[in-house]
Amino acid sequence: MPLLDRFSRPLRSLRLSVTDRCNLRCQYCMPEQDYVWLPRENLLTFEEIGGIVDAFTPLGVDRIRLTGGEPLLRRDLSVLIASLAARPAIADLALTTNGVLLRPQARALRAAGLHRITVSLDTLDRERFRGLTRTDDLAKVLDGIDAAASAGFASLKLDTVVIRGINDDELVPLLEYAKSMRAELRFIEYMDVGGATQWTANAVVSRREMLARIEAHYGPMLTLEEQSSAPADRFLLPDGTTFGIISSTTEPFCASCDRSRLTADGVWLLCLYAATGTDLRRPLRAGASREDLQRLIEAVWSVRADRGAEERLSMDRQTTLVPIRSLKRDAHLEMHTRGG
Ligand code: SAM
């Protein structure tokens with residue numbers, strides 16, 4: 001029997017943040033001038049990550065996504081991937097990256113055993129990219145996607161956060177680009193998570209609005225009916241192209257959420273919106289056995305009742321989730337620390 005929470009949701013997908021550092025400064029995630037970073041000595045070693053993963057897998061975790069910050073900034077990431085890929089309990093091993101460092105690493109990641117890769121891509125326009133990320137790295141990202149497309153991954157996805165007035169006129173060009181790369185595009189509604197200090201309700205382009213715009217261009221599309229806990233709903237265009245929409249803001253999917261997150265310093269979070277988490281690093285470094293950690297994880301998950309995105313939806317959202325002064329006090333509230 002898989003371990004279930006209070007709403008009968010199984011413990012299944014684990015997102016492992018391997019660093020809180022990032023080489024981009026996306027306006028919807030890291031808009032500030034400076035950040036407080038996790039102390040380096042607190043970052044879990046690969047061995048510690050493996051130990052924690054081994055406490056999760058007997059309880060039902062069989063899908064792992066490596067994220068960050070920017071995971072490709074973590075030195076020797078392929079070593080961690082090879083060690084996770086060698087664990088028979090892990091059926092799905094994926095990575096989310098901004099793509100800047102992907103070209104030189106794509107083949108090694110695949111060779112190490114990474115199954116799937118998702119690259120964040122919000123615009124195809126160099127000036128826009130510069131404005132959004134405060135870097136001039138669009139060419140590197142596109143080159144990284146090109147490298148991933150020929151590296152032999154089981155699937156390649158592109159994730160786009162859609163923001164009104166910023167990139168909402170690029171839905172069709174991005175779909176066409178993804179098609180040309182044989183990648184599946186997923187549009188993400190702009191979320192008011194910690195870190196998104198410039199979020200406003202007006203900047204959110206809803207799933208409904210995205211679908212109307214895409215349909216106006218391509219004609220009627222089909223909704224793909226799938227039994228899945230994956231965050232994206234998928235659609236089929238008349239030309240055979242599939243794409244997804246992750247509607248965490250206007251139509252959240254908390255009821256089927258089997259995801260939890262481990263920060264790079266070992267704090268386990270049950271929801272992207274959670275105010276606090278469970279520190280697994282301390283007991284691990286204090287000598288806790290795998291069984292001890294397992295008991296702790298079991299006790300926490302079995303009373304999980306988080307429905308963060310649904311609760312945010314039911315509020316009258318006039319402000320961002322976390323005020324800047326609180327973000328500055330606790331890096332664990334930041335999206336780039338939690339991992340996407
Ligand atoms: N650096 C990697 C990347 O860029 O994909 C992984 C970490 S990033 C935090 C993971 C995902 O979170 C990205 O796809 C990013 O677009 C998404 N994200 C960050 N802030 C967001 C927000 N306010 N709303 C929606 N998605 C967001």
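Just after helix α6, Arg182 adopts a positive phi of about 55 degrees, in a predicted model for which local features require pLDDT of at least 70 and side-chain atom pairs count only at pLDDT 80 or more, while totals for chains, interfaces and linings use all residues. Residues are numbered from 1 along each chain as its sequence is written, and side-chain values rest on heavy atoms, with hydrogens and water left out. The positive value at Arg182 occurs in a residue other than glycine, and Arg182 is placed in the loop between α6 and β6, where helices (H or I, at least four residues) and strands (E, at least two) are DSSP runs numbered from the N terminus. With a relative accessible area of 80%, Arg182 is exposed; in this scheme, exposed means over 50% relative accessible area, buried under 20%, and partly exposed in between, with a 1.4 Å probe and protein chains only.

Helix α6 itself, spanning residues 171-180, contains the buried residues Leu171, Val172, Leu174, Leu175, Tyr177 and Ala178. The elements that cover these buried residues include the helices α5 (138-149) and α7 (207-218) together with the strands β5 (155-162), β6 (184-189) and β9 (242-246), contact being defined as heavy atoms within 4.5 Å. An α-helix has 3.6 residues a turn, so residues three or four places apart point the same way.

A positive phi in a residue other than glycine is also found at Asp76, where the value is near 60 degrees.

On the α1 side, Phe46, Ile49 and Val53 meet Leu77, Val79, Leu80 and Leu84 of α2. Sorted by class, this contact has 7 nonpolar residues, with no polar and no charged ones, where Ala, Val, Leu, Ile, Met, Phe, Trp, Tyr, Cys and Pro count as nonpolar, Asp, Glu, Lys and Arg as charged, and the others, Gly among them, as polar.

The crossing of α2 with α3 is right-handed. Here Leu77, Ser78, Ile81, Ala82 and Ala85 in α2 meet Ala108, Leu109 and Ala112 in α3, and by class the contact has 7 nonpolar residues, 1 polar residue and no charged residues.

The structure holds 5 aromatic pairs, a pair being formed by rings of Phe, Tyr and Trp (its six-membered ring) whose centres lie within 6.5 Å, with planes under 30 degrees apart counted as stacked, over 60 as edge-to-face and the rest as tilted. Among them, Tyr35 and Trp37 form a tilted pair, at 6.0 Å centre to centre and 45 degrees between the planes. Of these two residues, Tyr35 counts as buried at 12% relative accessibility, whereas Trp37 counts as partly exposed at 28%. Ring pairs also link Phe56, Trp268 and Trp301 into a cluster.

Not counting residues up to four places away in sequence, Trp199 touches Tyr190, Met191, Asp192, Val204, Thr249, Arg317 and Thr320. Trp199 and Cys29 are 170 residues apart in sequence, with a C-alpha to C-alpha distance of 9.5 Å. By contrast, Ala286, in the loop between α8 (281-285) and α9 (290-301), counts as exposed at 70% relative accessibility.

Key: A crossing is left-handed if the near helix is turned anticlockwise from the far one by less than a right angle, and right-handed if clockwise.
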